[in-house]
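Please examine the sequence and the structure shown below. The paragraphs that follow lead through selected residues, their surroundings and their contacts.

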Amino acid sequence: MPAIRGPKSKSKTRRHTRDLDQIHADVHSHKHLKQYTDTKAPEDLPGLGQWYCTECAKWFESELNFVAHTKGKPHRRRVRQLRDEPYTQKVAEAAVGIATNNGRRDTEEMAVDKDLDIASRT
């Protein structure tokens, strides 16, 4: 362990790539991917931005490195993760118990409704 370490030395921000939901949108929408790649200057990217793995959101120096990456285990693992549909805000709210149902009630009047009705009459 080096003697000099900063407070953020344990966070791996250098290797942080795009989140799975962002990559899922990149794979399914060419416009979304183009919007992301246009924000990067080709001069600043490895290999002048020619070889990009969409599934892993990584740039590569050469075609040889890119082909080797696509055959590797981390790439295959990421492709397997992308097969699942990403979670949405609606799914998260449903898991917590927050539901937005503005439709008609199919059940009979609830006890709370009956109590309110009786209270409003008096």
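Threonine 54 touches Ile23, Asp26, Val27 and Leu33, when residues up to four places away in sequence are not counted; contact here means heavy atoms within 4.5 Å. Threonine 54 is placed in the loop between β1 and β2 (58–60). Helices (H or I, at least four residues) and strands (E, at least two) are DSSP runs, numbered from the N terminus. Although threonine 54 and aspartate 26 are 28 residues apart along the chain, 7.1 Å separates their C-alpha atoms.

The model is predicted, so local features need pLDDT of at least 70 and side-chain atom pairs count only at pLDDT 80 or more, while totals for chains, interfaces and linings use all residues. Residues are numbered from 1 along each chain as its sequence is written, and side-chain values use heavy atoms, with hydrogens and water left out. The term pLDDT denotes the predictor's confidence in each residue, from 0 to 100. For this protein the mean pLDDT is 80, and 67% of the residues reach 70 or more. Among the elements, helix α3 (residues 63–70) has the highest mean pLDDT (95), and helix α6 (residues 111–121) has the lowest (64). Where pLDDT is low, the predicted coordinates should not be read in detail.

How many salt bridges does a search of the whole structure find? The search finds two, a salt bridge being a side-chain nitrogen of Lys or Arg within 4 Å of a carboxyl oxygen of Asp or Glu. One of them joins the side chains of aspartate 26 and arginine 18, at 3.1 Å from N to O. Aspartate 26 counts as buried because its relative accessible area is 2%, and arginine 18 is likewise buried, at 14%. The cut-offs are as follows: buried means under 20% relative accessible area, exposed over 50%, and partly exposed in between (1.4 Å probe, protein chains only). Aspartate 38 forms a salt bridge with lysine 34, and their closest N and O atoms are 3.5 Å apart. Here aspartate 38 counts as exposed because its relative accessibility is 52%, whereas lysine 34, at 44%, counts as partly exposed.

Arginine 18 itself lies in the segment before α1 (20–28). Leaving out residues up to four places away in sequence, arginine 18 touches several residues, including His32, Tyr36, Tyr52 and Arg78. Arginine 18 also lies over the face of tyrosine 36, at 3.8 Å from the ring centre; a charge sits over a ring if NZ of Lys or CZ of Arg is within 6 Å of the ring centre and within 35 degrees of the ring normal.

A search of the whole structure finds three aromatic pairs. Rings of Phe, Tyr and Trp (its six-membered ring) pair if their centres lie within 6.5 Å; planes under 30 degrees apart count as stacked, over 60 as edge-to-face and the rest as tilted. Tyrosine 36 and tyrosine 52 form a tilted pair, with 6.4 Å from centre to centre and 45° between the planes. This pair links distant parts of the chain, since tyrosine 36 belongs to helix α2 (residues 30–37) and tyrosine 52 to strand β1 (residues 51–53), 16 residues apart. Both tyrosine 36 and tyrosine 52 are buried. Together with Trp59, Tyr36 and Tyr52 form one aromatic cluster.
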